[in-house]
Amino acid sequence: MEVVSVDQINRKVESACKNTQRHLRLAVSDWYHMLSRLSLDTDVWLYGCEWWMKQVPSQLDMPWAFESLVDAVKRPGMLNILLVKVDEVCLSMDRTEDVDFPKSMRDLQSSLKILNKELEDAGMAV
């Protein structure tokens with residue numbers, strides 16, 4: 001059995017946080033791109049684009065998640081807020097057909113789950 005030092009655990013958590021931050025930036029950027037494509041046609045924007053799709057960027061706009069996720073995960077519940085919002089978006093994506101959603105939202109969801117697992121392995125409250 002390998003003994004893991006606290007520094008190694010902290011580096012794993014910090015690396016997972018940075019990876020999640022990159023995925024969050026990419027997911028929001030890709031979502032804005034999708035919305036801009038949908039807005040090119042007035043009928044699609046008014047009738048084909050559901051209200052929740054237009055709200056996703058504002059729901060994921062959490063400055064603490066973009067800037068210092070490492071500090072935010074030290075407070076219990078902060079990561080759960082982001083995880084719940086991303087899960088809601090992904091579930092809504094599953095219900096909606098005929099829209100080419102960005103793959104980066106699924107990547108964000110998986111990186112959040114990896115971060116959550118790293119935090120559990122480190123013994124930090126999530």
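Colleague: What share of the protein chain's accessible surface belongs to carbon and sulfur atoms?
Modeller: This is a predicted model, where local features need pLDDT of at least 70, side-chain atom pairs count only at pLDDT 80 or more, and totals for chains, interfaces and linings use all residues. Residues are numbered from 1 along each chain as its sequence is written, and side-chain values use heavy atoms, leaving out hydrogens and water. The accessible surface (Shrake-Rupley, 1.4 Å probe) comes to about 7,800 Å². Of that, the share belonging to carbon and sulfur atoms is 52%.

Colleague: How many helices does the protein chain have?
Modeller: Counting DSSP runs (H or I, at least four residues, for helices; E, at least two, for strands), you get zero strands. From the N terminus on, the elements run α-α-α-α-α-α-α, and the C-alpha trace spans about 60 × 25 × 20 Å along its principal axes. So the helix count, by that rule, is seven.

Colleague: Which residues does M53 contact, leaving aside neighbours within four places in sequence?
Modeller: A contact needs heavy atoms within 4.5 Å. M53 belongs to the core residues with the most contacts inside it, and it lies in helix 3 (51-60). With those neighbours set aside, its partners are W31, L35, L38, G48, T96, V99 and F101.

Colleague: How far apart in space are R25 and A65?
Modeller: R25 is in helix 1 and is partly exposed, at 41% relative accessible area. In sequence, R25 and A65 are 40 residues apart. C-alpha to C-alpha, the distance is 9.5 Å.

Colleague: Which residue forms a salt bridge with R106?
Modeller: The rule is a side-chain nitrogen of Lys or Arg within 4 Å of a carboxyl oxygen of Asp or Glu, and the count comes to five. R106's bridge has an N to O distance of 2.3 Å, and it ties together parts 12 residues apart in sequence, because R106 lies in helix 7 and its partner in helix 6.

Colleague: How far apart are the closest N and O atoms in the salt bridge of D107 with K103?
Modeller: D107 is partly exposed at 24% relative accessible area, whereas K103 is exposed at 62%. Another bridge pairs K74 with D71 at 4.0 Å. For D107 and K103, the closest N and O atoms are apart by 3.3 Å.

Colleague: What phi does D98 have?
Modeller: D98 lies in the loop between helix 6 and helix 7 (104-122). The residue is exposed, with 81% relative accessible area. Although D98 is not a glycine, its phi is positive, at about 65°.

Conventions:
Buried < 20%, exposed > 50% of the residue type's maximum accessible area, 1.4 Å probe, protein only. Core = buried A, V, L, I, M, F, W, Y, C linked by side-chain atoms within 4.5 Å.
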